[in-house]
Amino acid sequence: MSEEGPIEQRFSVEWRFPVHFSDGIFDVANPLLASLATGSPSRAMVFVDGNVARANADLIRSIFEYFATHGAKFLLVAPPVLVEGGERVKDGLANVEDFARRMLEAHLDRQAYAIIVGGGAVLDAVGLAAALVHRGLRVIRVPTTVLAQNDAGVGVKNGVNDRGSKNALGTFAPPFAVLNDFSFLRTLPDPHWRSGIAEAWKVAIIRDAEFFEFLCEHAGKLWNRDEPAMRRLVRRCAELHLEHIRENGDPFEMGSARPLDFGHWSAHKLERNSVFRIPHGEAVAAGVLLDSLYASLAGSFAVRDALRTAEGLRRCGFVFPIEEMQRRDPAGRLLILEGLADFQEHLGGELTVTLPDGLGRRMEVHALDERLIEAALARLAELAC
Ligand SMILES: NC(=O)c1ccc[n+]([C@@H]2O[C@H](COP(=O)([O-])OP(=O)(O)OC[C@H]3O[C@@H](n4cnc5c(N)ncnc54)[C@H](O)[C@@H]3O)[C@@H](O)[C@H]2O)c1
Ligand SMILES: [Zn+2]
C-alpha cells in the first residue's frame with residue numbers, strides 16, 4: 001500500500017432547475033409558486049426590488065395574500081423586504097451583508113427559500129447573500145426585467161461590483177427555480193424594456209440564424225412594446241442562454257472563453273466610462289454592432305448581415321453612443337480598447353473574444369486588430385448618422 005503521492009479526489013454533481021413562464025405568479029389562484037415548496041410548510045422570505053414594488057402598488061399585499069392562502073406549503077417568516085433597485089444595490093458588500101443578516105435573523109436554513117423579485121441587479125446582490133448564508137439557501141428567482149428574464153436571471157451566477165470592477169465579488173450558484181412572470185414587464189421603463197432586446201441580438205447572431213430573422217422582422221413591434229413579440233423573444237433568448245450553459249461544457253466558466261459575452265468587452269467599458277449613464281442594453285447594442293462590423297471587415301461575417309444588425313438595432317430603438325465610443329486617451333488611443341484588458345483580467349488566461357462566424361455561428365479569437373477596430377468604429381459612426 002503506497003503512502004506517497006496524491007489521492008485524487010473526483011466527483012461530479014448534477015444541477016437541474018426549472019425555468020417557468022407564467023403570468024401573475026402572486027395571484028392566489030396561480031398554484032405555480034406554491035407547487036415548488038418541498039416542506040410542509042417550507043420557510044420562505046421574499047426580497048422585492050423597490051422600484052417593482054412602487055410600480056405595482058398591489059404587489060406587497062398580493063404577496064401577503066398568496067402566502068396566507070398557500071400557508072400549508074410556504075411559511076412566510078418575515079414581511080417582504082424592500083430592496084433598493086438598480087446597480088447601486090451592487091455597490092460593494094454592505095447591502096449583501098445586510099441581506100445575509102436578515103436571512104440569518106429569520107432563521108432561514110438550507111431547506112428554506114429566498115424568493116427574489118427584481119431586476120438583474122437585485123437578483124445578483126440578494127442572490128450572493130443567499131449563496132453565503134449557510135453556504136447556500138434555495139433561491140427562487142422572479143426576474144422582473146426583460147434582461148433578467150432572458151439572460152441575467154436564468155444563469156448560474158451572482159455578484160456585486162467592487163472598487164470600480166463589475167461583478168468583482170460573486171459566486172456560481174444555480175437557483176432552485178426561476179419564475180418568469182411576463183406581467184412584471186408591463187411596468188418597465190422603455191430603456192429597460194429595450195435593454196434585454198440587445199442581449200437577444202447578441203445570442204441570435206452567434207447561435208441562431210432563425211431567431212436573427214425573427215428579430216429583423218419584429219424589430220418595429222419590439223420597439224412598440226408588442227407583447228406577443230416580446231414573449232417570443234424572452235422565451236427563445238432564455239432557451240438559447242440555458243442551452244449554452246448546459247451544452248458548452250463550462251457552466252462555471254473555468255476556461256478563459258465566455259461566448260455569452262459577445263459584444264461585451266467594449267460594452268462594459270462604455271458603461272463604466274460613462275459612470276453607468278449609458279445603460280447596459282444600449283452599451284451591449286453598440287458593442288454587438290461594433291464586433292459584428294469588425295467580423296465583417298475581418299471576413300467572418302457577411303457585410304449584409306452586419307448592416308441588417310445595424311438596421312435592426314436601430315429599429316428596436318437603440319441609439320449608439322458614438323461620442324463615448326470615440327473617446328481617446330492623450331496619446332490618441334481609443335479608451336474602449338482598455339476594455340479588452342479588463343475583459344481578459346476578469347477571466348484570467350488568454351484573451352478570448354467571441355465573434356460571429358457566419359450568421360448563427362461563432363468563433364473565438366485571441367487578439368483583435370486595433371486598425372480593424374478603428375475601421376469598424378468609423379463604419380458604425382457612419383451608420384449611426
Ligand atoms: N448574474 C448574471 O449572470 C448576470 C448576467 C447578466 C447581467 N447581470 C447583471 O444584471 C444587472 C442588470 O440587470 P437589469 O437589466 O435587470 O437592470 P436592473 O436590475 O438595474 O433594473 C433596471 C431598473 O428597473 C427597475 N425595475 C426592475 N424591474 C422593474 C419593473 N418590472 N417595473 C419597473 N421597474 C423595474 C430596477 O429597480 C432598476 O431601477 C447588471 O448588474 C448586470 O451585471 C447578471
Ligand atoms: Zn449583457
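His264 and His280 are both buried in this predicted model, buried being under 20% relative accessible area, with exposed over 50% and partly exposed in between (1.4 Å probe, protein chains only). These two histidines also hold on to a metal: the zinc ion (ligand 2) is coordinated at 2.1 Å by His264 (NE2), His280 (NE2) and Glu199 (OE). Along the chain, the zinc donors are spaced as E-x64-H-x15-H. His264 sits in helix α10 (residues 264–273) and His280 in helix α11 (residues 280–298), so the pair ties together parts that are 16 residues apart in sequence. Donors here are N, O and S atoms within 2.8 Å of the metal (3.2 Å for Na, K and Ca); water is not among the atoms, so sites may look incomplete.

Now for strand β9 (residues 177–181). Five of its five residues are buried, so the strand is largely enclosed by the rest of the structure. In a regular strand, side chains alternate between the two faces of the sheet. Both faces of β9 are covered, with Ala177, Leu179 and Asp181 buried on one side and Val178 and Asn180 buried on the other. Helices (H or I, at least four residues) and strands (E, at least two) are DSSP runs, numbered from the N terminus.

As for neighbours, β9 runs parallel to strand β1 (residues 19–22), joined by four bridges, and His20 has Leu179 as its bridge partner. Strand β6 (residues 138–143) also pairs with β9 in the parallel sense, over two bridges, with Ile140 opposite Ala177. Pairing requires at least two DSSP bridges between the strands.

Residues are numbered from 1 along each chain as its sequence is written, while chains are lettered from A and ligands numbered from 1 in written order. Local features need pLDDT of at least 70 and side-chain atom pairs count only at pLDDT 80 or more, while totals for chains, interfaces and linings use all residues, and side-chain values use heavy atoms, leaving out hydrogens and water.
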